Amino acid sequence: METALILLIATVVALAAAWSRERLLRRADAERNRQEVAEQRSRREKELREQAQRTAALFDRMVEGLVVVDGGGRIRLANRAAQSLFGFEGQASGKSVLEATRNHEVASVVARLEKELEVLGHELRIDSMDAPRFLQVNALALRDGSGANDGAILVFHDLTRLRQLEGVRQEFVANVSHELRTPLSLIKSAAETLLDGAKDDPAALARFLQIIDKHANRLALLIDDLLLLSTLDSGGLRLDRQPLALKSTVQDAIDDLQPRAHARDVTLVNRVPASLVALADNDRIRQVVSNLVDNAIKYGRVSGTTTVDGSQLADGRIELSVSDDGPGIPKDAQLRIFERFYRVDKARSREQGGTGLGLAIVKHVIQAHGGEVRIESEPGSGARFVLNLPSGSASSAQ
Ligand code: ADP
């Protein structure tokens with residue numbers, strides 16, 4: 001009896017111990033599971049946070065403006081490019097599209113997306129404070145699982161620069177056509193006059209042939225300049241850069257222009273030091289100097305003086321300048337003087353046989369050498385064109 005009781009107690013104690021161990025193990029398991037779930041959750045949250053940061057950084061690095069709106073037409077997200085395109089002040093999210101962009105066309109694109117799935121290639125204009133901007137918008141409607149409206153994504157491409165370049169190209173083509181047509185129609189009418197009988201009068205024959213010759217030369221000059229500019233534009237100009245003693249290059253250009261200077265009683269002075277050496281293409285620099293000195297003769301004072309100076313700057317670069325004592329260039333024109341076909345006085349330029357491309361060529365040739373050109377002029381007291389070039393002397397070559 002006693003033994004049976006002891007056995008029973010031992011069994012109960014063993015069962016209790018097993019049950020308690022089991023409970024402890026289960027509790028430990030549950031604790032482990034809880035920790036794992038918590039770790040997984042925090043890992044997932046960290047991943048989502050990082051993903052959101054990566055997406056935001058990606059959106060902000062996009063060149064295109066990106067706007068995401070919700071089903072109620074309110075902004076959920078606008079990247080940095082969109083903020084600068086529309087000049088959003090402060091936080092755009094939560095505002096309606098019209099409120100944030102202040103543009104009815106953008107709002108109407110969002111409204112269209114309630115019926116259409118996408119709007120592609122819609123162009124619009126924003127009238128900002130300084131100059132109008134031209135944008136192209138591509139937009140996509142978002143639908144939830146049940147097909148209900150869940151907002152939209154709008155991507156804006158800035159076409160302003162493209163439009164400006166198109167304008168420049170159109171203006172250039174119009175200018176070229178005009179410049180070609182003028183001498184061509186003079187040649188044509190001289191030829192017609194000769195054919196109509198003027199050829200039988202020796203004096204008229206000589207006069208009209210001279211007109212034809214003069215304007216044919218002008219056409220040839222214009223075409224040469226246009227071809228050179230197009231080579232410069234395409235980066236196709238091959239420069240033969242050598243250490244160049246500038247004094248003699250300047251002198252060659254001056255010698256060529258002596259007859260023209262003589263015709264206007266202009267004195268040409270070469271004050272470039274013999275020691276000055278640039279790293280440059282002889283033929284191109286001669287052409288640059290020739291264009292500048294030719295302009296100084298054409299637009300400077302009759303019986304005036306044109307001087308070419310040169311020096312080495314503190315940073316080792318070479319500076320060359322062409323100065324005249326003529327009427328100079330008005331301040332507003334100085335900003336545009338290097339543009340193609342820009343002339344201060346159109347009639348005077350044509351009368352002097354100018355193509356309107358001389359200074360544009362100067363600027364491009366000097367830039368191709370890694371240099372810059374600028375104008376200094378006080379109206380009434382002459383013009384000074386200053387350019388710089390890399391040094392070609394071994395001691396200060398850059
Ligand atoms: P162009 O063939 O008409 O001379 P350029 O490009 O060489 O063309 O010069 C553009 C314009 O700049 C000229 O038409 C002229 O009005 C002005 N210009 C250039 N050089 C001078 C100068 N030294 N003094 C005054 N005006 C100048």
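Two strands count as paired if DSSP finds at least two bridges between them. The strands themselves are DSSP runs of E with at least two residues, helices are runs of H or I with at least four, and both are numbered from the N terminus. What you are looking at is a predicted model, in which local features need pLDDT of at least 70, side-chain atom pairs count only at pLDDT 80 or more, and totals for chains, interfaces and linings use all residues. Residues are numbered from 1 along each chain as its sequence is written, and side-chain values use heavy atoms, with hydrogens and water left out.

**The mixed sheet**

Let's start with the sheet that runs β7-β9-β10-β12-β11, an open one of five strands with mixed pairing. β7 (267-271) and β11 (373-377) sit at its edges with a single partner strand each, so one side of each has no neighbour in the sheet. On average, neighbouring strands here are turned by 15° against each other, direction ignored; axes are lines fitted to C-alpha atoms (for helices over the stretch in contact), and angles run from 0 to 180 degrees between N-to-C directions.

Five bridges hold β7 to β9 (residues 305-312) in the parallel sense. One of the pairs to look for is threonine 307 with serine 323 in β10. The β9 and β10 hairpin has five residues between its strands, and glycine 316 takes a positive phi near 95° there.

Helix α11 (residues 358-368) packs on this sheet, touching β11 and β12 (383-389), and its direction makes about 25° with that of β12. Contact here means heavy atoms within 4.5 Å.

**The antiparallel sheet**

There is also an open five-stranded sheet in the order β2-β1-β5-β4-β3, and its pairing is antiparallel. Its edge strands, β2 (75-78) and β3 (118-127), each pair on one side only. Neighbouring strands in this one are turned by 20° on average, direction ignored. β1 (residues 65-69) and β5 (residues 149-158) pair over five bridges, and leucine 66 stands opposite valine 155 in β5. Helix α4 (residues 104-112) lies across β1, β3, β4 (132-143) and β5, at about 165° to β3.

Arginine 343 is in the loop between α9 (331-334) and α10 (346-351). With a relative accessible area of 10%, arginine 343 is buried (under 20%; exposed is over 50% and partly exposed in between, using a 1.4 Å probe and protein chains only). Leaving out residues up to four places away in sequence, arginine 343 touches Glu179, Ser349, Arg350, Gly354, Thr355 and Gly356.

Of the 21 residues around the ligand, Asn295, Tyr299, Asp324, Ser349 and Gly356 come nearest; being near takes a heavy atom within 4 Å.

| From | To | Distance |
|---|---|---|
| arginine 343, side chain | serine 349, side chain | 2.9 Å |
| arginine 343, side chain | threonine 355, backbone oxygen | 3.2 Å |
| ligand, oxygen atom | serine 349, side chain | 2.6 Å |
| ligand, oxygen atom | threonine 355, backbone | 2.8 Å |
| ligand, oxygen atom | leucine 359, backbone | 2.9 Å |

The protein covers 97% of the 530 Å² of accessible area that the ligand has on its own, by the Shrake-Rupley method with a 1.4 Å probe.

Methods: Polar contact = N/O pair within 3.5 Å; in protein donor to acceptor, adjacent residues only side chain to side chain.
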